[in-house]
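Please look over the model shown here. The briefing after it covers one chain and its contact with another.

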Amino acid sequence: MKKKIKIKLNGKLKTINDNSTLFYIIQKNKIPLAKVAIELNQEIVDKKKIKNINLNNNDKIEIVHFIGGG
Amino acid sequence: MKRDRLIISKKNFISRLIVGTGKYKSMKECAQAIKLSGAEIVTVAVRRVNITNKKKPLLMDYIDPKKITYLPNTAGCFNSKEALRTLRLAREIGGWKLVKLEVLGDKKNLFPEMIETLKSTEILTKEGFKVMVYCNDDPLMAKRLENSGACAIMPLAAPIGSGLGIINEINIKIIRKQTKLPLIIDAGLGQASDAAIAMELGCDGVLVNTAIAKAKKPFQMALAFKNAVIAGRQSYLSGRIKKTLYGNPSSPKTGII
């Protein structure tokens, strides 16, 4: 059986396969990449490089976009 | 008449009304109100993508950022660290450099925390952002923001969402006299005439959200604000008459029968 890791995605705890990439998370959650910004452990991620970013246990991912506001 | 344009950070705008995109009943209502207001700039907030409900409508599907200038805002940030994080993320979404900085200091009155605001303005300017800064109506603080590299000064009329209108006209007039930067009244307007007054005081524009979004008829209010901003601007440029204590008849005094 594949080793599992725990990550936090927008504040929610998720269990995923070890060695999953950030790209996998984006695809799995059908995130429109052009309309978001991504942070990994409070560091902004270059969206072009997400295929090469492997996730580790306890990683914190934040995916944000624009919503209505004053 | 000479072409009269609002110029922010070398970008020209015909409309002097900036509108917020919050508090509407739906995205559809928001988009329609913006259309009617004639606004070319809208403020937007940066928040987490809803991972569980992917069917939630996206702002960008209703308001095209290629046609309307998005002004990312740090509303809800209470210190410099949060504000910087928010705007760096906003820039990452699609290269937005023109931003609105708003660092609040108190959850009840929502007044700006000016020390944190000043600090953030300096850092953001150094990082290449063009920062439009929400501030209190203090001419001294406005001057310091200008010296820190702000690209527009945005004093409040009254607390955010209060609808009280311009509380301190004198301060706004002093700020107008001292700065060549775009001066935009941000927050606290309640009705269209408040916007006209702001423009007659010489402001370059107004930013309105709640007064339109929460009006009983938001579409009609959007139109009212559009017209009030145009009327106020024209009135300001026309040069008003002097106020006098006594009457001065409009008809000739000669040839009376």
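Predicted model: local features only at pLDDT ≥ 70, side-chain atom pairs only at ≥ 80, totals over all residues.

Residues are numbered from 1 along each chain as its sequence is written, with chains lettered from A and ligands numbered from 1 in the order in which they are written.

**Chain B**

- Chain B has nine helices and ten strands (DSSP runs numbered from the N terminus: helices are H or I of at least four residues, strands E of at least two).
- With a radius of gyration of 20 Å, close to the 18 Å that the globule rule gives for 257 residues, chain B is as compact as a globular protein of that length (C-alpha atoms; the rule is 2.2 Å times the number of residues to the power 0.38).
- Of the 257 residues in chain B, 44% are buried (20 or more other C-beta atoms within 10 Å of the residue's own, with C-beta atoms placed from the backbone).

**Contact with chain A**

- Chain B puts 28 residues into the contact and chain A 20 residues (C-beta atoms, placed from the backbone, within 7 Å).
- Strand 4 of chain B gives the most to the side of chain B that touches chain A, namely six residues.
- Strand 4 of chain B pairs with strand 5 (residues 60–68) of chain A in the antiparallel sense over five bridges (pairing needs at least two DSSP bridges).
- Within strand 4 of chain B, B:R47 is the bridge partner of A:H65.

How values were computed:
Buried ≥ 20, exposed ≤ 12 C-beta atoms within 10 Å, placed from the backbone. Contact = placed C-beta atoms within 7 Å.
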